[in-house]
Amino acid sequence: MASPFFNRPELAGPYRLLPTRRTTLADELAAATNPLIRIAPDQAASITDWLGALGQALNFPAHFGANFDALFDALCDRDLLPQTVLVLELSALNALAEEEVDTLIAVFQAAADEWREQGRCLWSLFDAPGLDLDPLPTPKA
C-alpha cells in the first residue's frame, strides 16, 4: 500500500520536486508497495531519447513510439500500468527545449486527470529548477 498521502487522487499530478522534499519523499515511500520510480536518462540528447528511456523504465512495449501522443496513450493504458498509485521522479531534463518540457508536463497532467477519473493516482515529480510548477506538498501530520 502506498503512503496515505500518495493515495489521494485529488492531489495527484505533476509537481516540482524540491531538494528538501526528496529526502522525506524517500522515507514516505520506503514501505510502500508502489515505490518511487526514478527516470533520469542522463545520456538523453533529445526528447525522443528521453521518452525512450522513460518507456524502457516503465516497461512499455517495443512499439512505443517515444512521442507525446504515444506517451499519453501508454500512461493511460491500464494493461501497461495497472497500479492504483504510481510515483515517478523525472529528471535529466536539461537536454530538452523549454517547450518540450512544457508539453511533457501537459501530457503528465492530462494522464493524471485520466487516472483521477478512475480513482487512481499518477504522480509526476519533476526534478528541475525553474519549472512553472507547484512544489510537491508536504503531508500534514
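Strands E1 and E4 pair in the parallel sense, over three bridges, in what is a predicted model. Pairing here takes at least two bridges found by DSSP between two strands, and the strands themselves (E, at least two residues), like the helices (H or I, at least four), are DSSP runs numbered from the N terminus. In general, the strands of a sheet pair through backbone hydrogen bonds, either parallel or antiparallel.

Stepping back to the whole sheet, four strands make it up, in the order E1-E4-E3-E2, with parallel pairing, and the sheet is open. E1 (14-16) and E2 stand at the edges with a single partner strand each, so one side of each is left without a neighbour in the sheet. From one strand to the next, the twist averages 25°. Helix H4 (residues 98-117) lies across E1, E3 and E4 and runs at about 160° to E4; axes are lines fitted to C-alpha atoms, for helices over the stretch in contact, and angles between N-to-C directions run from 0 to 180 degrees.

Then there is helix H1 (residues 19-29), whose buried residues are Arg 21, Leu 25 and Leu 29. Seen down the axis of H1, these fall within an arc of 60°, so they line one face of the helix; the arc is taken from the directions from the helix axis to the C-beta atoms. Buried stands for under 20% relative accessible area, exposed for over 50%, and partly exposed for anything in between (1.4 Å probe, protein chains only). Pro 19, Thr 20, Thr 23 and Asp 27 are exposed on the other side of H1. The cover over the buried residues of H1 includes strands E2 (36-39), E3 (85-90) and E4 (121-126).

Val 87 sits in strand E3 and, at 1% relative accessibility, counts as buried. Leaving aside neighbours within four places in sequence, Val 87 is in contact (heavy atoms within 4.5 Å) with Phe 6, Leu 29, Pro 35, Leu 36, Ile 37, Trp 123 and Leu 125. Ser 91, in the loop between E3 and H4, is buried too, with a relative accessible area of 11%. With the neighbours within four places again set aside, the contacts of Ser 91 include Ile 39, Trp 50 and Asp 127.

Residues are numbered from 1 along each chain as its sequence is written, and side-chain values use heavy atoms, with hydrogens and water left out. As for confidence, local features need pLDDT of at least 70 and side-chain atom pairs count only at pLDDT 80 or more, while totals for chains, interfaces and linings use all residues.
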